[in-house]
Amino acid sequence: ILSGALKRAVRWGWISSNPIVFAETPPAPKAKPRPPSPEEAARILTEAWVDPEWGTLVWLAIVTGVRRGELCALRWVDVDLSTGVISVSRSIGQRNRDTWEKDTKDHQHRRIAVDEETVGILAEHRRRLEDRCAALGEPVPAGAFVFSLAPDNSTYM
């Protein structure tokens, strides 16, 4: 309302310039995430483990707290099972149906240390991928994603 009124005031010669052009928008409010309670997380995980692939994804999301785009962009080269360290350096962006690989939201590369149980879950997840690729008569692709809908994990989720 003010912007339109002041534009007209300039046009009609009532004022010499529109002061609205110098206004700055206030910063967006800080996010206040509400993660699930331990009981809610346990119920979510119990349901997710019906499908081991989905259960692994949900487990890793809960344990690491990484963003969903970062989980989708995670490749096996980013996961060091011997040291229990996951490197997060990229993300999957999406606008409508278009998706692309990009830098992380905060443009920060980080390393996350995970516990032995998570390493075991990821190792089993990797064995399932190797078994699927062996059944296809193909090796695991060098840049395979940790989570994918493709049988050989060659594309991101």
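Is C72 buried or exposed? I find C72 buried, with a relative accessible area of 17%. The cut-off for buried is under 20%, so C72 falls on the buried side. I note here that the model is predicted.

Next I looked for disulfides, taking a pair of cysteine sulfur atoms within 2.5 Å as the rule. The count by this rule comes to zero. C72 is in no disulfide, and the nearest cysteine sulfur, that of C133, is 19 Å away. From the other end, I checked C133: this residue is in no disulfide either, with the sulfur of C72 as the nearest cysteine sulfur at 19 Å. Because a disulfide here needs sulfur atoms within 2.5 Å, the 19 Å entry for C72 and C133 rules that pair out. I also looked up the accessibility of C133, which is buried at a relative accessible area of 1%.

I located S148 in the segment after helix 5 (116-136). Its relative accessibility is 13%, so I put S148 down as buried.

Which backbone atoms does the side chain of S148 reach? I list the backbone nitrogen of A150, at 3.0 Å from the side chain of S148. I also list the backbone oxygen of T155, which lies 2.6 Å from a polar atom of that side chain.

For contacts of S148, I left aside neighbours within four places in sequence. What I then recorded for S148 is contact with N153, S154, T155 and M157.

Terms used:
Residues numbered from 1 in each chain as written. Predicted model: local features only at pLDDT ≥ 70, side-chain atom pairs only at ≥ 80, totals over all residues. Heavy atoms only, no water. Helix = DSSP H or I, 4+ residues; strand = E, 2+ residues; numbered from the N terminus. Buried < 20%, exposed > 50% of the residue type's maximum accessible area, 1.4 Å probe, protein only. Polar contact = N/O pair within 3.5 Å; in protein donor to acceptor, adjacent residues only side chain to side chain. Contact = heavy atoms within 4.5 Å.
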